[in-house]
Amino acid sequence: MQGKTAQPIPYLRLKLFGTFFRIGLFTFGGGFAMLPLIEREITDHKKWVQADELIDMIALAQSMPGPVAVNASILIGRHLAGTSGAVAAMLGCVLPSFFVILAIALTTANFQTNPYVQQFFTGVLAAVTALILMTAIKMARRVVRDWITALLAIAAVILVAFFRVHALLVLLGGAVVGLGLFFLHPALTDHVTGRADKQQKGPKS
Amino acid sequence: MSLLFELFYSFFRIGLFSFGGGYAMIPLIQSEILHHGWLTAEQFADIVAVAEMTPGPIAVNSATYVGYMTAGVFGSMVATAGVTLPSLFLILLVAGFVSRYQKHPLYTMVFYGLRPVVVGLIASAAVFIGKTALVHLVENQSLRDWFATLFRKPLDAIQPAALLIFAATLVVHHKFKLHPLILIMGAGLAGILLQFIF
């Protein structure tokens, strides 16, 4: 997953830090709230990561311990500029919340009980819900190609959102299904592998 | 000194052993903090509420807060470093290994199974946030009871201002492709303005 970009690395590191600092500053409502911003800034706008690569990185970020947002920033930073890029992106992602919490702890103001603040966040969280939903739909269009993938996506939503099954278990299930298909269904494996090759050749030409 | 080490070690363990991110991490964070007596249960509930209204992952937020409360600015730095360093080490270790096998059909098939699950997890995150943001759910209320309320007294079951902002965000994002930052800030302002109507 090593990057391939014309920009000099030191400048790229600074840009990585700046981009993730801006994203980190506006990630309200948990790590997933970061995804619409990452998609816009990293995939659509700067074209640092391809849409398919981003989904793989999120899969990996979800499967590792630690905050998903931090994991994703480390993966993207590493992809673009190696270890130093990973550190730059991680610091950019973590420092905004560090400074904001420190400022709140220092002032000891009960800002969360202020009615204007509460109304502001009613609006913010409503928008974040919509943005995350749009991201899920956009990604589903790339990922759901046949009935197996459709079934997996629907099963994941039902198990996690309604039966509160742990995310890690559901991810494990998806990996096991993929693994099982590799061993039991060579025709599908060839089909999927061929499609992956075509996709990787496509955008480079 | 030993307190700083204790903070670092405790949050390092949280970073190392909590999977699933966000709210899946809360139980482990809570038990570590209460076990050490660093915060009371009410203080911890407070920090969870604050974390919802401040940017960033809840694990980082609580590390910074607990670190500051127990050992000042230096403590907040140590705790925050502790909770993020396992991610850095593990990912740098694993990502190199994973990328080496990226072309292998086994890798392709594992990710063929993983990708739709990730999409499902993202959709579930929308459901979780929407449950607190868009509707009024009484503690432990079942889906059936909620629907019953929806038909009897619809305004008790939903948050009309939030639903309006939700719908507006969907439409504006789809039509005008505005930057999410602008949408988020605009939605916050709309939240303040709409209270004068509803």
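Trainee: In what order do the elements of chain A run from the N terminus on?
Mentor: They run α-α-α-α-α-α-α-α, and the secondary structure of chain A comes to 8 helices and 0 strands. Helices here are DSSP runs of H or I with at least four residues, strands are E runs of at least two, and both are numbered from the N terminus.

Trainee: Okay, and what are we looking at, and how is it numbered?
Mentor: This is a predicted model, where local features need pLDDT of at least 70, side-chain atom pairs count only at pLDDT 80 or more, and totals for chains, interfaces and linings use all residues. Residues are numbered from 1 along each chain as its sequence is written, chains are lettered from A and ligands numbered from 1 in the order in which they are written, and side-chain values use heavy atoms, with hydrogens and water left out.

Trainee: What are the ipTM and pTM scores?
Mentor: The model has an ipTM of 0.86 and a pTM of 0.85. Mean pLDDT, the predictor's confidence in each residue from 0 to 100, is 86 for chain A, with 92% of its residues reaching 70 or more. Chain B also averages 86, and 96% of its residues score at least 70.

Trainee: Which element of chain A has the lowest mean pLDDT?
Mentor: That is helix α8 (residues 186-201) of chain A, at 76, while helix α6 (residues 147-162) of chain A has the highest, at 93.

Trainee: How much of chain A is buried?
Mentor: Buried residues make up 52% of its 205 residues. Buried means under 20% relative accessible area, exposed over 50%, and partly exposed in between, using a 1.4 Å probe and protein chains only.

Trainee: Which residues touch the most other members of the largest nonpolar core?
Mentor: A:Phe20, A:Ile38, A:Ile76, A:Ile132, B:Phe11, B:Ile33 and B:Ile122 do, in a core of 128 residues. Such a core is a set of buried Ala, Val, Leu, Ile, Met, Phe, Trp, Tyr and Cys residues joined through side-chain atoms within 4.5 Å. Helix α4 (residues 68-107) of chain A gives the largest share, 19 residues.

Trainee: And what does A:Ile76 touch?
Mentor: Leaving out residues up to four places away in sequence, A:Ile76 touches A:Phe20, A:Ile38, A:Ile42, A:Val49, A:Leu54 and A:Met57. A contact means heavy atoms within 4.5 Å.

Trainee: Switching to chain B: at what angle do α2 and α3 pack?
Mentor: Helix α2 (residues 26-36) of chain B and helix α3 (residues 41-53) of chain B pack at about 145°, with their axes 11 Å apart. The axes are lines fitted to C-alpha atoms over the stretch in contact, and angles run from 0 to 180 degrees between N-to-C directions.

Trainee: Which residues make that contact?
Mentor: B:Ile26, B:Ile29, B:Gln30, B:Ile33 and B:Leu34 come from α2(B), and B:Ala41, B:Phe44 and B:Val48 from α3(B).

Trainee: Is B:Ser87 buried or exposed?
Mentor: B:Ser87 is buried, because its relative accessible area is 0%. This serine is in helix α4 (residues 58-100) of chain B. Beyond residues up to four places away in sequence, B:Ser87 touches A:Pro65, A:Gly66, A:Pro67, A:Val70, A:Asn71 and A:Ile74.

Trainee: Last one: where is A:Lys47?
Mentor: A:Lys47 is in the loop between α2 (34-45) and α3 (51-63) of chain A. A:Lys47 has a positive phi of about 55° although it is not a glycine, and at 64% relative accessibility A:Lys47 counts as exposed.
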